[in-house]
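Biologist: Walk me through this model, please. I will ask what each label rests on.

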2 protein chains.
Amino acid sequence: MRYLSETVERAINELAKLPGIGRKSAQRLVFYLLRIPKEKVLILTKTLNELKENVRFCSICYNITESDPCPICTGSNRDGKVICVVEEANDILAIEKTNQYNGKYHVLGGALSPLDGIGPDELRIKPLLQRLHGDIQEIILAINPNAEGEATALYLAKLIKPTGIKITRIARGIPVGTDIEFADEITLANAIEGRTNL
Amino acid sequence: MRYLSETVERAINELAKLPGIGRKSAQRLVFYLLRIPKEKVLILTKTLNELKENVRFCSICYNITESDPCPICTGSNRDGKVICVVEEANDILAIEKTNQYNGKYHVLGGALSPLDGIGPDELRIKPLLQRLHGDIQEIILAINPNAEGEATALYLAKLIKPTGIKITRIARGIPVGTDIEFADEITLANAIEGRTNL
């Protein structure tokens with residue numbers, strides 16, 4: 001039988017389409033939205049609409065931005081000789097939070113994954129290669145340390161090598177706060193391989 | 001420094017206000033919304049706005065509904081002699097899914113919790129008592145088996161007893177698929193206390 005309103009059912013279905021939100025969470029969200037004042041829901045939906053209205057991808061680095069090129073690409077205080085290659089725009093956010101990097105970025109839009117139909121043409125690799133002229137001195141690969149990331153890093157390294165530009169990769173190792181005892185073998189092997197002088 | 005657009009920041013903040021969604025999940029949702037076509041986001045926001053527009057509480061049982069009274073209260077196929085008292089409207093959904101109940105409902109809007117400032121006046125107890133006339137034969141308490149639920153059930157039982165209407169409570173016991181070994185003591189005690197004849 002139909003015991004919920006059709007609108008509620010529809011709202012649950014729409015929310016359940018979002019990543020990380022199952023039907024149970026969607027249901028809980030809908031009941032929450034029904035409880036709070038209408039104005040608060042309107043603010044939420046207006047903000048989400050504006051998100052699609054105002055935000056685009058930077059035509060140089062493919063970061064998300066409201067002005068094109070993005071503030072990092074146009075930033076006079078940013079070192080244009082270094083490009084940090086990341087998979088997604090949210091990786092930029094994580095790196096910026098460290099305050100350890102002052103160069104530019106390039107967002108690939110994912111990692112190579114032939115099984116999922118993601119080949120080099122699906123990623124923004126060509127636009128990256130087009131940026132490798134002039135004064136670029138280093139490409140830092142900040143790509144996720146998993147099988148797809150590994151393949152992508154090797155592929156990019158092969159393409160970039162001939163240009164003579166230095167290619168580096170962020171260190172893989174034991175995260176801070178973890179016990180060596182509990183680290184998986186591959187991480188531990190990476191940490192040993194990447195050991196540094198004291 | 002500001003590395004994300006102000007709109008993105010605002011969208012993350014708004015989504016992070018929702019229950020069960022932290023800043024990281026909100027960020028992931030925003031990046032997801034940025035990737036999908038604008039039309040899909042518009043469908044989502046339109047549905048959420050309609051939720052507040054179309055859906056209200058039933059004036060009899062306080063279930064959520066698009067028509068007042070709700071389809072369960074007006075349903076001629078529902079047994080009006082039994083009222084199942086639940087804490088929230090989503091409990092109705094769970095009970096309806098069992099196909100085991102064909103009576104009416106009453107949504108309390110929570111459980112007694114003096115520490116959180118939720119006393120009898122904050123719940124829809126008075127409207128429940130006003131419904132206890134005429135042909136009502138049984139009140140089933142389907143209230144959560146925790147401290148607040150326990151207190152609420154006892155409070156309601158005391159109020160309803162004088163009317164002479166039969167009061168029952170859904171069984172507490174070992175859930176299907178669980179090992180007795182792993183059940184907590186209170187649940188096990190409830191299950192033993194509530195044992196049935198074979």
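Modeller: Start with chain A. Four strands form an open sheet in the order β4-β3-β5-β6, with parallel pairing. This is a predicted model: local features need pLDDT of at least 70, side-chain atom pairs count only at pLDDT 80 or more, and totals for chains, interfaces and linings use all residues. Residues are numbered from 1 along each chain as its sequence is written, chains are lettered from A and ligands numbered from 1 in the order in which they are written, and side-chain values use heavy atoms, with hydrogens and water left out.

Biologist: What makes β4 and β6 of chain A edge strands?

Modeller: β4 (103-107) and β6 (166-169) of chain A each have a single partner strand, so one side of each is left without a neighbour in the sheet. Strands are DSSP runs of E, at least two residues; helices are runs of H or I, at least four residues; both are numbered from the N terminus. The twist averages 25 degrees from one strand to the next.

Biologist: How do you know that β3 and β5 of chain A pair?

Modeller: Two strands pair if DSSP finds at least two bridges between them. Strand β3 (residues 79-86) and strand β5 (residues 138-142) of chain A have five bridges, in the parallel sense.

Biologist: Why is the space between the chains' leucines called a cavity?

Modeller: On a 1 Å grid over the protein atoms alone, a cavity is a set of points where a 1.4 Å probe fits but cannot get out; lining residues have an atom within 4 Å of a point. The count comes to one cavity of 30 Å³ or more. The largest cavity has a volume of about 50 Å³. Grid points are joined across faces, edges and corners, and a volume is the space filled by probe spheres set on the points. Among the lining residues are Leu15(A), Leu33(A), Ile21(B) and Leu29(B). α3 (38-54) of chain A and α3 (38-54) of chain B each supply at least two lining residues.

Biologist: Which classes make up that lining?

Modeller: The lining has eleven nonpolar, no polar and no charged residues. Ala, Val, Leu, Ile, Met, Phe, Trp, Tyr, Cys and Pro count as nonpolar, Asp, Glu, Lys and Arg as charged, and the others, Gly among them, as polar.

Biologist: How do you know how the two copies are related?

Modeller: A rotation of 179 degrees with 0.0 Å of shift along its axis superposes chain A on chain B, with RMSD 0.1 Å. The two copies are thus related as by a two-fold rotation axis. In chain A, the C-alpha of Thr45(A) is nearest the axis, 2.5 Å from it. Of the contact residues of chain A, 98% recur in chain B.

Biologist: What makes the backbone at Pro69(A) and Tyr62(B) worth a look?

Modeller: Most residues other than glycine have a negative phi, and most peptide bonds are trans. A cis bond joins Asp68(A) and Pro69(A), with omega about -5 degrees. Pro69(A) is in the loop between β2 (64-65) and α4 (71-74) of chain A. A cis bond also joins Asp68(B) and Pro69(B). Tyr62(B) is not a glycine, yet has a positive phi of about 65 degrees. Tyr62(B) is in the loop between β1 (56-57) and β2 of chain B.

Notes
Axes fitted to C-alpha atoms, helices over the stretch in contact; angles between N-to-C directions. 1 Å grid on protein atoms, 1.4 Å probe; cavity = no way out; pocket = protein on both sides within 12 Å on 5 of 7 lines; lining within 4 Å. Least-squares fit on C-alpha atoms with pLDDT ≥ 70 in both. Contact = heavy atoms within 4.5 Å.
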